[in-house]
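Please read it with the model open.

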Amino acid sequence: MTTQLSVIVPVYNAASTLRDAVTSILAQNIRSMELLLIDDGSTDETASICHELSLRDPRVKVIAQKNAGICAARNRGLNAASGAYIAFCDDDDILLPGALRLLLNTAQSEQADVVRADYELFRENADGTYQKQQHSPGQVCRMQKDGYAAFLKNSGPQFVWNALYRREILADIRFDERCRYGLEDFIFNMAVYRKTDRAIYLPQAVYRHFEGAQSTSLCQSSKALCARVRALDPWMEAEYAAIQQRCEESEKSTVWLLRKAEAVTFLMHQLRDAGAPAALRKYAWRTLREVLSRYPSKTLDFLQIAGENKKKTAAILLYQLHIQRLYDLLSSDDSTR
């Protein structure tokens, strides 16, 4: 029997959360599925938990490797996957009930290569409790019909864990293993969009992402932040290449402007949340300006971004005026995309 779906879970020191993640995946109503747990050199009880789970359910397969990072683990999973479709889940998150069935049915009925959906984000408070971060989901959108810019705007941040991919479209696409501290999802998805426009976004939430105090979603060290700054170059390269492939000539400059604004806003969030010192901030902004200067385009104009959201408009204005530090005064909630 052909495997319908492979779910790839990179695992590292996840003894306290892995069972919940796996339970949420195995509870999905999928006829033929394999769950690939890629143990990335865990040093706690994770390895034994992985094997315990595989003994309980034949759909669970364990692959162990020396610690090489989340990208290497996901790539190992991609190389081993046999499913017609691929999904990802982190070892400390959960898939919501019916998530994979919704994504798979949509992919099959629409003959889509990519199906994205909304997600829930819970952020850890100082006291250890989690609080849901509100955001407005986009509208149903088909890249092939509605255009590239509309798809990116509606589908929001380009993570991989709230999406389903046709495995054939990923044949020559892998995660950039230099990105051990973030942005690997964005680069990966831009490579996918460069290859296909058969992508659909659904506003239903399919995934619950927990952003803990030690999450890789947050920069907890100068090392992590510097790594993300270095990743700006391959990210912008991937964004620019996708735009050249997916956009009409008349709209390329506008869409590129919006993606540059995304990078500016992203970096402001990172620097603010990390409480980065002045020297590191200077390095980060100098790097971004150098990266963006390599591409032919119009100057960033905050008036052209004004229709996006208030935070992004403010970020571009502050960037233009070289007073990015004032962005720290804005609220850190996620009420807008």
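Which side chains meet in a salt bridge at 3.2 Å, N to O? Arg74 and Asp90 do. Point 3 returns to that pair.

1. **Ground rules.** This is a predicted model, in which local features need pLDDT of at least 70, side-chain atom pairs count only at pLDDT 80 or more, and totals for chains, interfaces and linings use all residues. Residues are numbered from 1 along each chain as its sequence is written, and side-chain values use heavy atoms, with hydrogens and water left out.

2. **Overall make-up.** The protein chain holds twelve helices and ten strands. Both are DSSP runs, numbered from the N terminus: helices are H or I with at least four residues, strands are E with at least two. Of the 337 residues, 54% are buried. Buried means under 20% relative accessible area, exposed means over 50%, and partly exposed is in between (1.4 Å probe, protein chains only). Contact means heavy atoms within 4.5 Å. Among contacts with a separation of 6 or more, 80% are between residues 24 or more positions apart.

3. **The Arg74 pair.** A salt bridge is a side-chain nitrogen of Lys or Arg within 4 Å of a carboxyl oxygen of Asp or Glu. The whole structure has 18 of these salt bridges. In one, Arg74 meets Asp90. Arg74 sits in helix H3 (residues 70-80) and Asp90 in the loop between strand S4 (85-88) and strand S5 (94-95), so the pair ties together parts 16 residues apart in sequence. Both Arg74 and Asp90 are buried.

4. **Arg294 and Asp233.** These side chains form a salt bridge at 2.9 Å, N to O. The pair links distant parts of the chain, 61 residues apart: Arg294 is in the loop between helix H10 (278-292) and helix H11 (302-305), and Asp233 is in helix H8 (residues 222-246). Asp233 is partly exposed, at 27% relative accessibility. Elsewhere, salt bridges that share partners join Arg74, Asp90, Glu184 and Asp185 into one network.

5. **Arg178 and Asp176.** Here the closest N and O atoms of the salt bridge are 2.6 Å apart. Asp176 is buried, at 17%.

6. **H1 against H2.** The axes of helix H1 (residues 18-26) and helix H2 (residues 46-56) come within 11 Å and cross at roughly 25°. Axes are lines fitted to C-alpha atoms, for helices over the stretch in contact, and angles run from 0 to 180 degrees between N-to-C directions. H1 and H2 are therefore roughly parallel, a term for angles under 35 degrees. From H1, Leu18, Arg19 and Val22 make the contact; from H2, Thr46, Ile49, Cys50, Glu52 and Leu53 do.

7. **Helix H9.** H9 (residues 249-274) has 26 residues and reaches 38 Å from its first C-alpha to its last, close to the 38 Å expected at 1.5 Å a residue. The expected span is 1.5 Å times one less than the number of residues. Just after H9, Gly275 takes a positive phi of about 60°. Within H9 lies Ala263, buried at 0% relative accessibility. Leaving aside neighbours within four places in sequence, Ala263 contacts Trp235, Met236 and Leu288. The C-alpha atoms of Ala263 and Met236 are 8.0 Å apart, across 27 residues of sequence.

8. **Two strand residues.** Ile94, in strand S5, is buried at 19%. Glu34 is in strand S2 (residues 33-40). Glu34 is buried too, with a relative accessible area of 3%. Beyond neighbours within four places in sequence, the contacts of Glu34 include Thr3, Leu5, Arg59 and Lys61.

9. **Positive phi to check.** Most residues other than glycine have a negative phi. Asn13 has a phi near 45°. Asn13 is in the loop between strand S1 (5-11) and H1, and is partly exposed at 30%. Leu183 has a phi near 80°. Leu183 lies in the loop between strand S9 (163-166) and helix H7 (184-195), and is buried at 7%.

Notes. Angles under 35 degrees count as roughly parallel, over 145 as roughly antiparallel, 65 to 115 as roughly perpendicular and the rest as oblique.
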